[in-house]
Amino acid sequence: MADFLVLGAGMVGVGAALALQTQGHTVRIIDKRGPGEETSHGNAGVIQSEARAPYAMPRDLFTLIRYGLGRSNDMRLDPWALPGSARALLEYYYKSAPARHAAVTRHYAEIVARATEDHGSLIADAGAETLIRRTGLGEIYVREEDFDARRQSGAKQAAEHGLKLRCLSGAELRVEEPALTNTPSGALIWEDSWSSSDPAALVRIYAALFQARGGTILQSEVRKIIQTATGWRVDRDGGHLSAEHLVVALGPWSPAMLRQLGYRVPMVMKRGYHDHYEMQGQLARPYLLADHGVVVSSMLRGLRITTGAHLTRTNAPRNLAQLTHGSAAAGKLLALGSAVPNSQWHGVRPCLPRMLPMVGKAPRHDKLWFNFGHGHQGFTLGPTTGEILAEIVDGRRDALTKALAP
Ligand SMILES: Cc1cc2nc3c(=O)[nH]c(=O)nc-3n(C[C@H](O)[C@H](O)[C@H](O)COP(=O)(O)OP(=O)(O)OC[C@H]3O[C@@H](n4cnc5c(N)ncnc54)[C@H](O)[C@@H]3O)c2cc1C
C-alpha cells in the first residue's frame, strides 16, 4: 500500500482521499483553506442524477451574440475574456458538435448514473442525513410555450436514461410548494436527484469521516510541486512535505499548479455567483427558474440564488447583473425578505473543453495523478471520480478509464 498526498479539499479531493483510504492507502490532504470552502461551498448543492449530458457550447451565432451582448441570463460572455481563453473555447466549440457531444455523453451518463449511490454510502457512514433532501430537482417555467417544449424534451430524456420525471401544472406545483406566491405555467420534477441544504458542511462531514478513519488534513498553501527520486516534494507555506504519490484535485486552480511541470491544460472558467435571502417558508427541493437561468434552493443560511455561467477574465471584478436579474425573477415567485449580510459569493466551475473530468495518471510523470475538471457537476461527481481514481491506481478499470484519462 502506498502513501498519497491529495492537493485540494473540495468535494473532489475529499472524495478521492476517502476512496484511496478505503483501498488501504495512507492518505493526507492539503488545502490552503478548510474542507469545502471554495467552489464546493458556493454551488447550488444539487446531486444531479438527472444531468446525464454535459453542457455543450451552443454553436449558432445568434445565441453566441446574445451571450456577448448580455441578453441571456443563463450565460454571459465578456468579449475581452476571449483572447485569454481562445484555445479552450475553440476546443470546447469543436467538441460540442452534436456527434462528438453524443460520444462524450455516453461516458458522462455512465458516471453520473452512479453518483447518488456513491454519495449514499458516504452520507450513511458520515451521518450526514440531516443535510440531504431526496426530493428531486425542479425546473419551473413561466412561459407556456417553453413549458410545453420542455415537457416533450424532458420526457425523451427521462425515457432515454431511465429517469423518473413528473410534470406538474402551475396549480399542482403550488400545492406541493406553499411558499410560492405566484402560479407559473408548470414545472418538471426530476425525482432521482438529491440536494444538500449546506454543500460546504457536507464536504466538511465527509472530511471528518476521512479523519475518523485515520486520514490527516493539513491547512497550508502549496507553492510548488517537485518530482524526487522516490516520489514528490511539496513546497508549502512554512516548509515542505514529501509524499510517494500526489493527486492534483485543485479544481479551478489545477491548470496553474500543473503549468510548473510543463502541462498546459486548457480550462473554460465558467464563473458563477450566489447570494442568500431570508424567506417565509421553505422549498421542498431546489428549482431551476428556467426562463431566468438561476437555481433557487432553501439552504441553512436562507434561500440561495445561484447563477448560470459568466465567462470572464479570472480576476475581473464581480458583475452582479445575472444575480440581480435572477433575484428579481425569484422575487416574483417567492416572498423574499432581506438579503442575508455577507453571503454573496462568486467562484468558478472548472470546465474542461472535452466536457469530461480528467481522472487518472499524469501522462509524463510517475506517481502523479489528476482528478479535476468536473465543471458543472463536481459536487455530484466527487465521490464517484474518487472511486474511479482509486480503481485506476489499483489497476482495476477498463473502457471508461480511456475516456477520462488525462
Ligand atoms: C455557481 C455554481 C453552481 C454549481 N452548482 C452545482 C450543483 O448544483 N451540483 C454540482 O454537482 N456541481 C455544481 N457546481 C460545480 C461544483 O461546485 C464544482 O465542480 C466542484 O465544487 C469542484 O470541486 P473541486 O473539489 O474540484 O474544487 P474546489 O471545491 O474548488 O476545491 C479545490 C480546492 O483547492 C484548494 N487550493 C487551490 N489552490 C491551492 C493551493 N495552491 N494550495 C492549497 N490548496 C489550494 C482550494 O482552497 C479548494 O479548497 C456549481 C459550481 C458553481 C460555480
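Which residues lie nearest the centre of the largest cavity? In this predicted model, they are Pro54, Cys351, Met355, Gly375 and His376, among 15 lining residues. Residues are numbered from 1 along each chain as its sequence is written, and side-chain values use heavy atoms, with hydrogens and water left out. Local features need pLDDT of at least 70 and side-chain atom pairs pLDDT 80 or more, whereas totals for chains, interfaces and linings use all residues.

Rolling a probe the size of a water molecule over the atoms shows where empty space is left. The search ran on a 1 Å grid over the protein atoms alone; a cavity is a set of points where a 1.4 Å probe fits but cannot get out, and lining residues have an atom within 4 Å of a point. Grid points are joined across faces, edges and corners, and a volume is the space filled by probe spheres set on the points. Two cavities of 30 Å³ or more were found in the whole structure. The largest cavity holds about 120 Å³. Its lining comprises nine nonpolar, five polar and one charged residues (nonpolar: Ala, Val, Leu, Ile, Met, Phe, Trp, Tyr, Cys and Pro; charged: Asp, Glu, Lys and Arg; polar: the others, Gly among them).

The second largest cavity has a volume of about 50 Å³. Leu77, Ala81, Leu82, Ser85, Leu89, Val268, Met269, Leu311 and Thr312 form its lining. Two elements, α4 and β15, each give two or more of these residues (helices are DSSP runs of H or I with at least four residues, strands are runs of E with at least two, and both are numbered from the N terminus). Helix α4 gives the most, three residues. Seven lining residues are nonpolar, two are polar and none is charged.

The second largest pocket has a volume of about 780 Å³ (a pocket is an open set of points with protein on both sides within 12 Å along at least five of seven lines). Its lining counts 29 residues, with Pro252, Arg259, Met267, Met269 and Thr314 nearest the centre. Two or more residues come from each of α4 (82-95), α10 (254-259), β15 (268-279) and β21 (345-351). Again α4 gives the most, here six residues. By class, 15 are nonpolar, eight polar and six charged.

The ligand is surrounded by 36 residues (a heavy atom within 4 Å). Asp31, Thr39, Ser40, Val46 and Thr380 are the closest. At least two residues of this shell come from each of α1 (11-22), α2 (39-42), β18 (302-307), β21 and α12 (378-393). The shell divides into 13 nonpolar, 17 polar and six charged residues. A ligand nitrogen lies 2.9 Å from a backbone N or O atom of His376. A nitrogen of the ligand is also 3.1 Å from a polar backbone atom of Ala44. For Phe379, a polar backbone atom is 3.2 Å from a ligand oxygen. Taken alone, the ligand exposes 1,000 Å², of which the protein buries 98% (Shrake-Rupley method, 1.4 Å probe).

The structure holds 22 salt bridges (a side-chain nitrogen of Lys or Arg within 4 Å of a carboxyl oxygen of Asp or Glu). One of them joins Arg28 and Asp3, with the closest N and O atoms 3.5 Å apart. Arg28 lies in strand β2 (residues 26-31) and Asp3 in strand β1 (residues 3-7), so the pair ties together parts 25 residues apart in sequence.

Notes
Polar contact = N/O pair within 3.5 Å; in protein donor to acceptor, adjacent residues only side chain to side chain.
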